[in-house]
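Here is a briefing on a ligand and its surroundings. Look at the sequence and structure first, then read on.

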Amino acid sequence: MVLEFFKYQGTGNDFVVVDNRLDFFPKDDLKLISKLCDRRFGIGGDGLILLENDIASDFRMVYYNADGSKSMCGNGGRCAVAFAHYLGIIGTETTFNAIDGLHFATLEGDIVNLKMNNVTDIKEKPAYSFLDTGSPHHVQLVENLERLNVKIEGAKLRYGIYGKSGSNINFVEPAEDQSFNVRTYERGVEDETLSCGTGVTAVAIAMHKQGKTASNQVDINTPGGKLAISFEQQNGSYTDIYLKGPAKQVFKGDVVC
Ligand SMILES: N[C@@H](CCC[C@H](N)C(=O)O)C(=O)O
C-alpha cells in the first residue's frame, strides 16, 4: 500500500497525520502504526493522527501514541484542527470529536486555541499531583529541571507508581517571570517528548490548585516552545480550560507500507 501522509508539529510534539475520511487505514495493524512513527524505519513521530468523518461534529481525531496505544492528545488535537483547516473542512472555528468527547477550537494563522474537558478530580500527594486532562498526568515540582534525566526518572515513576497502564510524568520548575518550565515523559512514547499539551494543561491546573500561581492564565515553557493555558475555577472545579499555541505542517509525502 502507498499511503499519503502529512507531518505536523505542535511545539515540537510531532505527528504523522493521515486523512482517513474514506476509512481505508488498517486501524487494527498496531505494528504498522509503530513503524510509521519509527524515526529510523518509518516517517517518525510521537504519534499518529487519523482525521475521520464524524456524525456529531466537523471531524473526528483518532490519536495513537507511537506504540499504537490510544489516548487524547492536546498538541495532536491542535494539529488536527490545523490539518482540517488545510483540507478546507473547517473555517476558523470548529467542534470535533476525540476519545474524550467533543472539543471546541479556534484558529488564528497557525495558532490554535483548543478547549479541553473540565477537571474536577485532582489528587494531591505530598510529592506530586495527579489529574486527568484527557490523558493521565503526574505533576511533580523539581529543582534543576535542566539537568534532570527525564527518560530515566520519568520511567521510574510511570512504572513504579502507575504500573502497566501508566501515566505521563511532568517535571516542573517555576521560572522567574511567573511562568513554569516543564519537561514531560510520555507513556506510549516511553521517552521525553519536546512538549505535551494535556501535560502542560495538567501542570497549569496543579500549580494553581497548589497556590504556586494565583493567575488563571498560565504560560508554560517546554523544550519545544511556549504554550498558554487559561481556565476558570469554581469550588475546586476547573472549567473553560483552553490550551493555546502553534500547530504547523512540516512536510507531506507518500510512504510504502
Ligand atoms: N502528547 C500528547 C499526549 C499523548 C497521549 C499520552 N502519551 C498518553 O498516552 O496519555 C499531548 O499533547 O497531550
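The shell around the ligand holds five nonpolar, nine polar and two charged residues. Here Asp, Glu, Lys and Arg count as charged, Ala, Val, Leu, Ile, Met, Phe, Trp, Tyr, Cys and Pro as nonpolar, and the others, Gly among them, as polar. The model is predicted: local features need pLDDT of at least 70, side-chain atom pairs need 80 or more, and totals for chains, interfaces and linings use all residues. Numbering starts from 1 along each chain, and side-chain values use heavy atoms, without hydrogens or water.

**Shell**
- The ligand is surrounded by 16 residues, with a heavy atom within 4 Å as the cut-off.
- Among the closest are Asn13, Gly74 and Thr198.

**Polar contacts (N or O pairs within 3.5 Å)**
- Asn13 places a polar side-chain atom 2.8 Å from a ligand nitrogen.
- For Ser71, a polar side-chain atom lies 3.1 Å from a ligand oxygen.
- Asn75 uses a polar backbone atom, 2.9 Å from an oxygen of the ligand.

**Domains**
- Domain 1 (2-116 + 247-256) and domain 2 (122-244) both give shell residues, so the ligand lies between them.
- These bounds come from an automatic or database domain assignment.

How values were computed
Polar contact = N/O pair within 3.5 Å; in protein donor to acceptor, adjacent residues only side chain to side chain.
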